[in-house]
Amino acid sequence: MTENPYYYTLIMACATVGFIILSSLLLGGLARLIAKLFGLTKVKQDNTFAGYFFAAPWIVGFLIFVVAPMLASLYWSFTNYRIPNAPEWLWFQNYTRLILEDKEFRSSLVNTLFLTVIGLPLQISFALFLAVLLNQKTRGERVFRMSFYLPVILGFNAAVLLCWRLMLNAGNGIINQIIRALSNGFLPFSYLNRAIIFIVELVNAFFLGINNQNFILLNKVWEAGFPAANRVPMWVQTPLWSKMSVIILMVWGCGSMMLIFLAGLNNIPKELHEAAEVDGAGSWMRFWKISLPLLTPYIFYNTVVGMIAALQIFEPIYVLYRDNATLAPTAYSMVYYLWRATFRFNEIGYGSAISWVVLVLILIVTIIQFRLQKRWVQYELY
Amino acid sequence: MKRTAFRVSGKVILYVVLTFASIVMAFPLFWMIATSLKTLQEANSPQIIWFPSKIQFDAYIAVLADPDFLRSYFNSCFYAALALVGTLISIAAVAYAFSRVEWPGRDLVFFLMLSTMMIPAQALIVPQYVFFHRLGWIGSFNPLVIPGYFAGGAAMVFLLRQSMAQIPKEMDESAFVDGANHLQIWWEIVLPLVKAPLATVATFLFIGYWNNLLGPLIYTQSSKMYTLPVYVAQLLNINNPTQPWPTIMAAAVLTTVPLMVVFFFAQRYILESVVITGLKG
């Protein structure tokens with residue numbers, strides 16, 4: 001029976017349904033019993049039964065798939081557990097190894113920092129830009145909105161990411177071909193392109209320097225000076241560009257953020273804009289003085305969500321750098337590193353420690369954000 | 001006079017910018033389709049070739065003749081469908097408990113559920129892997145399908161709960177008087193009234209399952225059980241001197257077709273609900 005994987009999973013799915021119904025009945029019955037002991041009326045007893053009966057799938061799943069795993073992984077993170085060996089208690093060795101010795105973990109931290117400091121502002125401003133464009137109430141707004149959101153649906157599929165890899169090919173990828181054609185035909189674009197390349201390479205060399213704790217590469221980039229006329233970005237080719245490809249994908253997939261901003265723009269009272277217009281404020285002025293301050297709660301929300309998302313980027317890194325062992329560490333996200341470190345040698349103990357560090361980091365980031373929020377988020381004008 | 005001319009040119013610029021942005025955003029899709037219809041020489045050409053000089057279906061024929069591709073397509077459909085049904089029904093049940101029934105502890109449990117949205121799913125994969133390992137489920141579809149049956153996805157429960165809470169209370173009260181029980185009210189009265197939100201949730205779930213890469217990578221260990229994303233990703237082999245891009249892109253197009261179809265039919269609801277839940281992807 002278990003030879004055929006499809007029948008096997010079908011049978012197990014049916015068994016799961018049976019298990020869930022049974023545990024729902026049990027949980028509901030237990031709740032009704034307790035309600036009876038507390039002397040609730042018959043109707044309230046019935047409602048208690050029904051409530052726990054219907055909520056049971058989530059409650060049971062929460063215990064099995066969230067609470068139990070978290071407790072177990074907390075225990076394993078202090079052991080050297082490696083399937084199939086039994087765990088042995090290590091105290092804090094996993095954590096000290098992770099924080100003090102593990103170079104690849106440190107690069108995943110620096111990469112996440114890079115994506116947050118450089119990528120997230122680009123992503124948020126592009127999302128805001130698109131939202132403001134859409135908010136002009138043009139004809140065909142729905143079609144535009146659809147095409148701006150489409151990348152969010154497609155962007156996590158390996159198939160579409162492979163297409164990006166084709167397009168980002170440094171030699172004959174379409175993106176560099178377009179850049180070359182524009183540079184050759186239009187001199188200011190060539191200078192702009194080279195200036196961007198120079199800045200990107202300096203910033204990336206700086207972050208790689210933090211990671212390696214020496215700035216030789218930064219010096220080299222600086223001494224090489226302003227890029228030559230035939231230079232193009234080396235997207236999926238060198239450590240100086242590996243993170244930029246991920247940022248391009250982040251910016252491309254900004255549709256959810258855009259929708260949040262669009263909702264925010266819709267919530268701004270029309271009267272404010274009308275009153276300002278009467279006073280002679282232009283649209284540029286009104287954007288800076290009215291829209292932007294009132295959008296700060298939405299910017300805040302997108303920043304929190306975006307930072308947590310940056311920790312978890314997985315698919316793009318897998319598709320772009322899976323087979324490139326030297327380049328991959330320069331673009332790892334923390335979750336990608338978690339996957340690699342754990343499942344290469346089934347190191348459950350070490351992986352559990354990484355999971356807990358990631359969890360605590362997310363918690364800290366969120367708390368800091370909520371603290372800082374008070375300083376710059378405006379819920380009302382004046 | 002001057003002012004209207006200014007307005008008109010502003011509108012034109014707006015449309016130009018919007019159209020340009022749309023083209024840029026949809027460009028990878030166009031490029032995927034265009035490349036899949038090219039010859040190998042055209043796909044690897046150092047010149048820009050926007051459209052294939054002669055439309056080639058060779059890549060599609062090659063992909064569709066590959067039993068590995070067809071098997072991974074079936075695997076994806078099988079696991080996504082099976083997981084979708086269970087997840088959808090359990091989510092509908094839990095949303096009913098949170099919206100239509102008054103029970104002690106409801107607010108606490110609801111708060112707990114919302115706070116799990118803060119926990120990234122990936123932080124739990126390591127201990128869950130051990131759990132499935134002990135059950136002997138590694139190398140089967142079970143770890144990809146079964147967890148969904150326990151109302152996987154707090155954001156989806158939240159979305160459905162919001163819709164169910166808007167149904168007037170009198171609906172089920174009159175049914176109670178007629179002697180119906182909760183199970184009947186849930187299935188026969190409430191669920192038919194939330195068909196559109198159910199379709200939205202189903203769409204989100206489908207997209208999530210269809211795109212899932214990390215889960216299949218961890219749990220399906222033989223190539224016979226590859227789902228589409230895993231299969232497609234390994235088509236690119238850096239050791240090859242030239243990549244068979246038309247074939248890879250043909251497989252990619254066939255992989256994204258279900259997503260496109262689903263998005264086309266459900267886009268209105270999707271765009272609305274993203275704002276309700278504020279969820280990502």
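At what angle do the axes of helix H4 (residues 103-134) of chain A and helix H10 (residues 242-252) of chain A cross, and within what distance do they come? The legends below describe a predicted model, and the view that answers this question is placed at the start.

**View 1. Helix H4 of chain A packs against helix H10 of chain A.** The two axes cross at roughly 35° and come within 9 Å, and H4(A) passes H10(A) in a right-handed crossing. On the H4(A) side the contact is made by A:Asn111, A:Phe114, A:Leu115, A:Ile118, A:Gly119, A:Leu122, A:Gln123 and A:Phe126, while H10(A) contributes A:Lys243, A:Val246, A:Ile247, A:Met250 and A:Val251. Sorted by class, the residues of this contact comprise nine nonpolar, three polar and one charged.

**View 2. Chain A is divided into two domains.** Taken over C-alpha atoms, the centres of domain 1 of chain A and domain 2 of chain A are separated by 37 Å.

**View 3. Helix H4 of chain B packs against helix H11 of chain B.** The axes of H4 (residues 67-99) and H11 (residues 195-211) lie 9 Å apart, and the helices pack at an angle of about 140°, which means that H4(B) is oblique to H11(B). The crossing in which H4(B) passes H11(B) is right-handed. From H4(B), the contact draws on B:Ser76, B:Ala80, B:Ala83, B:Leu84, B:Thr87, B:Leu88, B:Ile91 and B:Ala92, and from H11(B) on B:Leu198, B:Val201, B:Ala202, B:Leu205, B:Phe206, B:Tyr209 and B:Trp210. Of the residues in this contact, 13 are nonpolar and two are polar, with no charged residue present.

**View 4. Chain B is built from 14 helices and zero strands.** Read from the N terminus on, the elements of chain B run α-α-α-α-α-α-α-α-α-α-α-α-α-α. Along the principal axes, the C-alpha atoms of chain B fill a box of roughly 75 × 75 × 35 Å. The radius of gyration of chain B is 24 Å, whereas a compact globule of 281 residues would have a value near 19 Å.

**View 5. Chain B and chain A meet in a contact that takes 82 residues from chain B and 89 residues from chain A.** On the side of chain B that touches chain A, helix H14 (residues 245-277) of chain B gives the most, with 13 residues. By class, that side of chain B has 60 nonpolar, 19 polar and three charged residues.

Conventions. Residues numbered from 1 in each chain as written. Chains lettered and ligands numbered in written order. Predicted model: local features only at pLDDT ≥ 70, side-chain atom pairs only at ≥ 80, totals over all residues. Domains from an automatic or database assignment. Axes fitted to C-alpha atoms, helices over the stretch in contact; angles between N-to-C directions. Helix = DSSP H or I, 4+ residues; strand = E, 2+ residues; numbered from the N terminus. Parallel < 35°, antiparallel > 145°, perpendicular 65-115°, else oblique. Left-handed = near helix turned anticlockwise from the far one by under 90°. Contact = placed C-beta atoms within 7 Å. Nonpolar A, V, L, I, M, F, W, Y, C, P; charged D, E, K, R; others polar. Rg over C-alpha atoms; globule rule 2.2 N^0.38 Å.
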